[in-house]
Amino acid sequence: MLVLRALGLGDLLAGVPALRALRRAYPGHELVLATPAELAPLVDATGAVDRLLPAAEPGRAVPRALDWTGPPPGVAVDLHGNGPPSHRLLMGLAPRKLLAFAHPQTPEVDGPPWYAEEHERDRWCRLLRAYGIDADPADLRLPRPEVPSPAPGAVVLHPGAGAPSRCWPVERYAAVAQTLRARGHRVVVTGGADEGDLVARLAKLADLPDTDVFGGGLLLDRLSALVAGAHAVVSGDTGVAHLAVAHATPSVTLFGPVPPSRWGPPDHPRHHTLWHPGPDGDHGDPHGHETDPALLRITTDDVLGALDALDALGEAP
């Protein structure tokens with residue numbers, strides 16, 4: 001079985017329930033996941049995948065080709081998008097069966113309809129249910145990493161995201177960090193491999209020591225351990241927020257331009273979402289080059305209040 005989800009960290013984690021459903025439905029198949037190679041530690045942690053087939057393209061595009069060898073896959077599953085490029089990529093391998101959403105440009109795919117406003121976890125579980133495979137969107141927890149956390153008990157601030165439109169202003173993150181440190185919390189900041197300047201700016205504004213700055217991209221197993229052992233995680237709508245959900249770590253996620261109804265955490269008191277849409281309720285471009293207005297409506301007091309609510313939850317009997 002070949003499953004295509006050649007996307008990012010948050011996409012992988014949102015797809016875990018579907019991957020586990022496929023594992024249960026096809027116990028005798030080797031499950032091969034086409035996804036970026038750097039996600040290997042978390043792919044292994046899902047317990048659903050037998051082999052990772054490295055696959056990625058810039059800008060979340062469909063891979064131009066897959067390094068698939070051997071006979072055609074018995075089953076191919078499109079968890080990448082709604083086609084037609086991803087449909088055609090998989091159909092080019094001549095699988096005996098293709099599970100995918102319907103699209104008018106690929107009428108040979110007899111799948112369920114695609115709903116643009118559907119939550120990401122629900123979407124892929126609904127796809128599988130249309131083919132008679134039971135799938136639970138809540139089946140997304142990951143085991144605690146074996147490596148130790150580099151900062152156990154810290155509040156993790158992650159200011160970056162896949163696009164500037166999903167990045168809350170760094171000055172506001174710094175204000176949150178200063179307040180939390182004044183209250184006695186250890187605060188650490190993380191960032192991806194290309195976010196070193198952003199992390200350094202936050203660290204300077206908040207006067208964080210070098211020991212609490214993890215810029216340049218932690219190895220994924222260490223990032224997972226850091227999040228799993230954190231007091232709380234504060235971030236925008238990006239992969240680290242999904243990692244907090246996977247490890248049941250308290251989190252505050254700042255949404256904009258896409259609402260939490262599309263990518264938010266499960267409804268649980270340990271996960272707070274902040275979302276302040278405009279009067280028309282519309283949302284903007286998740287890949288835009290300027291901070292979305294919905295994010296700019298979120299204040300530092302909003303974030304600190306959400307963290308206070310999490311602390312109160314932890315202190316409740």
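1. Start with Asn 82. Leaving aside residues up to four places away in sequence, Asn 82 touches His 87, Phe 101, Ala 102, His 103 and Trp 114. The model is a predicted one. Asn 82 sits in the loop between strand 4 and helix 4 (85-91). With 23% relative accessibility, Asn 82 counts as partly exposed, because buried means under 20%.

2. How far apart in space are Asn 82 and Ala 244? The C-alpha to C-alpha separation is 27 Å. In sequence, Asn 82 and Ala 244 are 162 residues apart.

3. Next, Thr 253. This residue belongs to strand 10 (residues 251-255). Is Thr 253 buried or exposed? Thr 253 counts as buried, at 3% relative accessibility. Its contacts, not counting residues up to four places away in sequence, are Ser 235, Gly 236, Asp 237, Ala 241, His 272, Thr 273 and Leu 274.

4. Now the packing of two helices. Two packed helices are described by the angle between their axes and the distance between the axes. Here the pair is helix 6 (residues 170-182) and helix 7 (residues 196-206). Their axes come within 8 Å and cross at roughly 45°. Helix 6 is therefore oblique to helix 7. The crossing of helix 6 past helix 7 is right-handed.

5. Which residues make that contact? Helix 6 supplies Val 170, Glu 171, Tyr 173, Ala 174, Ala 177, Gln 178 and Arg 181. Helix 7 supplies Leu 198, Arg 201, Leu 202, Leu 205 and Ala 206. By class, the contact residues are eight nonpolar, one polar and three charged.

6. Two residues of this contact, Glu 171 and Arg 201, also form a salt bridge. Their closest N and O atoms are 2.3 Å apart. The pair links distant parts of the chain, with Glu 171 in helix 6 and Arg 201 in helix 7, 30 residues apart. Glu 171 is partly exposed, at a relative accessible area of 40%. Arg 201 is partly exposed too, at 46%.

7. How many salt bridges does the model have? The count comes to 13.

8. One of the salt bridges joins the side chains of Arg 60 and Asp 11, at 2.8 Å from N to O. This pair also links distant parts of the chain, 49 residues apart. Arg 60 lies in the loop between strand 3 (51-54) and strand 4 (75-78). Asp 11 lies in helix 1 (residues 9-14).

9. Arg 183 and Asp 308 form another salt bridge, their closest N and O atoms being 2.8 Å apart. Arg 183 counts as partly exposed, at 44% relative accessibility. Asp 308 counts as partly exposed as well, at 35%.

10. Which residues are joined into one network? Arg 5, Glu 120 and Arg 123 are, through salt bridges that share partners.

Definitions and conventions:
Residues numbered from 1 in each chain as written. Predicted model: local features only at pLDDT ≥ 70, side-chain atom pairs only at ≥ 80, totals over all residues. Heavy atoms only, no water. Axes fitted to C-alpha atoms, helices over the stretch in contact; angles between N-to-C directions. Helix = DSSP H or I, 4+ residues; strand = E, 2+ residues; numbered from the N terminus. Parallel < 35°, antiparallel > 145°, perpendicular 65-115°, else oblique. Left-handed = near helix turned anticlockwise from the far one by under 90°. Contact = heavy atoms within 4.5 Å. Nonpolar A, V, L, I, M, F, W, Y, C, P; charged D, E, K, R; others polar. Salt bridge = Lys/Arg side-chain N within 4 Å of Asp/Glu carboxyl O. Buried < 20%, exposed > 50% of the residue type's maximum accessible area, 1.4 Å probe, protein only.
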